[in-house]
Amino acid sequence: MTRPIARVLTLLELLQSGGIRTVTELADRLGVDERTVRRYAGHLIDLDVPVESVRGRYGGYRLAPGYRMPPLMLTDDEALAVLLGLAAGRRSGSTTAVGTAGETAAAKIRRVLPDRLRARLDAVLATLAFTAPPREAAPPDSAVLLPIADAVARHRPISMRYTAADGRSGERTVHPHGIVAHSGRWYLTASDPAIGEDRTFRLDRISGVRALPGSFEPPAGADPAQRVLTGLATAPYRHEVSLRVQGTAEQIHARLPAGIAIVQELPPPDDAAPESGRWARVDLRVERLDWLPAVLASLDRPFVIERPDELRGLVEALAARLANSARRGPPHA
């Protein structure tokens, strides 16, 4: 796409955002002089786009009120970004598309693209390979996601029906704080005024959402993403593991993500030597212990097992197997 045409389309995008744009502002955004901005505005008028000129101190250009743009106008980069975003979203499980919605959306975009651009984008999608396997996802229903997002933005309480993991279902009234996408699932963080506690809900288990009258004041400094990660890391499992590891939280989270382990850096003892390094307490709850020894070995950092004792035996057994393999010679021909 030639640069003048691209700039005319950029001008159109700026005007679509609403309000009056001064000539000086538009010239600065487009990287041209004011005379060229006026010429670009004339090009849009020639294309039957109702660009209005507003005179006065705060004058400039705007689109006529009520004007609706054609269904789609994308540059090469924008079309590539949209289609790759749909493809990557389906693979990672972060898309909200249910069923074939992602495929039909991509097909609609492709139908309105020029043949030249469509062929090039198809070549990218056909030759693109992903290193990670597709993730199983539980996308939320738009009839659930959209009203919840609106309630979060407006600080409105909501009523919803929630089905718990054990199959029990019931109506709940909550104050929604935020929506979090994590590992192919979508979560709602909210406070339950009936019990005075913060809760985390899976969006794919929510139905019948409706906004309630009134509003609430969200808690200061609330971090929905951290709330979800902490909730996942502290969920009830068979084993409660407590460790002390020499390293920073960032180094430990490289092998034990925040959704699995809670890491708290410890202050150094008063008599600690500077070269001794920082230590951190690591708490996690797991259903099985057999995978932990290999993860602890991959940290390559000193650690102390506080509980459970069963983990000590598993670590010793792994160390013995590794030592035995290291001493073993190559097989004879």
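Guide: Helices (H or I, at least four residues) and strands (E, at least two) are DSSP runs, numbered from the N terminus. This is a predicted model, where local features need pLDDT of at least 70 and side-chain atom pairs count only at pLDDT 80 or more, while totals for chains, interfaces and linings use all residues. Residues are numbered from 1 along each chain as its sequence is written, and side-chain values use heavy atoms, with hydrogens and water left out.

Visitor: Okay, how many of the eight residues of strand S5 are buried?
Guide: S5 covers residues 185-192. It is largely enclosed by the rest of the structure, because the number of its residues that are buried is seven.

Visitor: Which residue in S6 is the bridge partner of Thr 189?
Guide: Start on the S4 side: strand S4 (residues 169-182) runs antiparallel to S5, with seven bridges joining them, and Gly 178 has Thr 189 as its partner there. Two strands count as paired if DSSP finds at least two bridges between them. S5 is also joined, antiparallel, to strand S6 (residues 197-202) by six bridges. In S6, Thr 189 is partnered by Thr 200.

Visitor: Moving on, what are the edge strands of the open sheet?
Guide: Four strands form that sheet, in the order S9-S10-S8-S11, with antiparallel pairing. An edge strand here pairs on one side only, and that describes strand S9 (261-265) and S11.

Visitor: Is His 239 buried or exposed?
Guide: His 239 is in strand S8 (residues 239-246). Setting aside neighbours within four places in sequence, its contacts (heavy atoms within 4.5 Å) include Leu 284, Val 286 and Glu 310. With a relative accessible area of 11%, His 239 is buried.

Visitor: How far apart are the end C-alpha atoms of H11?
Guide: The expected span is 1.5 Å times one less than the number of residues. For the 19 residues of H11 that should give 27 Å, which agrees with end C-alpha atoms that are apart by 28 Å.

Visitor: Within what arc do the buried residues of H11 fall?
Guide: The buried residues of H11 are Leu 311, Val 315 and Leu 318. They line one face of the helix, because seen down the axis of H11 (taking directions from the axis to the C-beta atoms) they fall within an arc of 65°.

Visitor: And what covers those buried residues?
Guide: The other side of H11 has exposed residues, among them Asp 309 and Arg 327. The cover over the buried residues of H11 includes S8, H10 and S11.

Definitions and conventions: Buried means under 20% relative accessible area, exposed over 50%, partly exposed in between (1.4 Å probe, protein chains only).
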